[in-house]
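Visitor: I would like to go through this entry with you. Could we put it on the screen and start from a single residue?

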Amino acid sequence: MKSRGKTGAGIITGWSSMGLPAVFLLCIFFFFLGFFGSSLFSQQVENESASLHITRPRPRMLNQNEYDPMPQGDSGDDYFTTIPFQILSWKPRALYFPGFATEQQCNGIIKMAKVKLAPSTLALRKGETAENTKDIRTSSGMFVSSYEDKTGILDQIEKKIERATMIPRRHGEAFNVLRYDLGQKYNSHYDAFNPTEYGPQKSQRIASFLLYLSDVEEGGETMFPFENGENADSNYDFRKCIGLKIKPRKGDGLLFYSLYPNGTIDPTSLHGSCPVIKGQKWVATKWLRNEEDFD
Ligand SMILES: *[C@@H]1O[C@H](CO)[C@@H](O)[C@H](O)[C@H]1NC(C)=O
């Protein structure tokens, strides 16, 4: 006989009559309810704060659609442009653009480049010859300008680079499309030309935009060995793949500035291409200059 006074025992009897598996399932049900419920909620908050901080400084505006474009100038747009980017580094000023080009655009550029590939060359300094510098840059490449490209892909890419950088497209050199096979690389170097090494320059390269046209299974990163002043004091071996490394991803863009705003060369813009360990690397580079007319 059960005693009526012992309520505690009564509860235990109640639970046990449901059977242990049923209690267990109930516990699991509530666990997942709480788990997914809370992650759903926090995701919503994250999305809202992301749009807050990146697209609009004003806290009330959560949706860009609530904004109407400003009356624009004759040369301006009557719409908003959204090009996502990540600041990879301030020293040098380097930006990463995920999904800058589509897969079809990348494939199209590779296709037009394949037929004209030749071993890449270097701008030579005093005392340098093609022979004694042949190990510095081992890729194959070609130059192609947007007006030569009948498919219109390079025109689209060039326009987007122009918008992302606000450096008018006439400041850009032709695209340099490069292929790096197994073991091929480009030792660390500057894209800007130091007049004390290369002689007086008619114009200077301000910035470089790299568009990765392929994924690389292993290796092939773009490296900035002096990022944030690292390794700059040591006796850096220009072949060494160290510092900030960016793994190529098909369709992604990388922009970095070789010059400070005052026009002098940023020493941390030193960069190179690590050797490809597995796979193949395709990249299209556009150098942007401070003048429209250049050699
Ligand atoms: C140019 O700017 C850099 C970075 O702000 C600064 O370190 C350098 O001293 C400046 N050079 C000249 C010549 O003004």
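Visitor: Which residues does Leu211 touch, not counting residues up to four places away in sequence?

Guide: This is a predicted model, and in it Leu211 touches Phe100, Ala101, Ile157, Gly253, Val283 and Ala284.

Visitor: Which residues touch the most other members of the largest nonpolar core?

Guide: They are Ile109, Ala207, Phe209, Leu211, Leu213, Val283 and Ala284, in a core of 39 residues. Strand β7, residues 205–212, supplies the largest share of this core, with 6 residues. In soluble globular proteins, nonpolar side chains tend to be buried together.

Visitor: How many residues of β7 are buried?

Guide: The count is 8 of its 8 residues, so β7 is mostly covered. For the protein, 27% of the 295 residues count as buried.

Visitor: Where does β7 sit in its sheet, in what order of strands?

Guide: The sheet is open and has 8 strands, in the order β1-β2-β11-β7-β14-β5-β4-β3, with antiparallel pairing. Its edge strands are β1 (86–89) and β3 (118–119), each of which pairs on one side only. β7 lies between β11 and β14 in that order.

Visitor: How many bridges join β7 to β14?

Guide: There are 7 bridges between β7 and β14, and the two strands run antiparallel. Within this pairing, Leu210 has Thr285 of β14 as its bridge partner. On β11, β7 pairs over 5 bridges, also in the antiparallel sense. There, Ala207 has Tyr257 as its bridge partner.

Visitor: Which residue stands opposite Tyr186?

Guide: Ser273, in β12, stands opposite Tyr186. β6 and β12, the latter spanning residues 271–273, pair over 2 bridges in the antiparallel sense.

Visitor: Now the backbone. Which peptide bond is cis?

Guide: The bond from Lys91 to Pro92 is cis, with omega near 5 degrees. Pro92 is placed in the loop between β1 and β2. As background, most peptide bonds are trans, and most residues other than glycine have a negative phi.

Visitor: What is phi of Met166, then?

Guide: Phi of Met166 is near 55 degrees, a positive value in a residue other than glycine. Met166 is found in the loop between α4 and β5.

Visitor: Why does Met166 count as exposed?

Guide: Met166 counts as exposed because it has 6 C-beta neighbours inside 10 Å, the cut-off for exposed being 12 or fewer.

Visitor: What about Asn228?

Guide: Asn228 has a phi near 60 degrees, again a positive value in a residue other than glycine. It lies in the loop between β9 (222–224) and β10. Asn228 counts as partly exposed because it has 14 C-beta neighbours inside 10 Å.

Visitor: Last topic: what is the mean pLDDT of the protein?

Guide: The mean pLDDT is 85, and 77% of the residues reach 70 or more. Over residues 1–16, pLDDT stays under 50, and the model has 2 contacts there beyond four places in sequence. Residues 45–52 also stay under 50, with 4 such contacts.

Visitor: And how many helices and strands are there?

Guide: The secondary structure comes to 5 helices and 14 strands. Among contacts between residues at least 6 apart in sequence, 76% join residues at least 24 apart.

Methods: Residues numbered from 1 in each chain as written. Predicted model: local features only at pLDDT ≥ 70, side-chain atom pairs only at ≥ 80, totals over all residues. Pairing = 2+ DSSP bridges. Helix = DSSP H or I, 4+ residues; strand = E, 2+ residues; numbered from the N terminus. Buried ≥ 20, exposed ≤ 12 C-beta atoms within 10 Å, placed from the backbone. Contact = placed C-beta atoms within 7 Å. Core = buried A, V, L, I, M, F, W, Y, C linked by C-beta atoms within 7 Å. pLDDT = per-residue confidence, 0-100.
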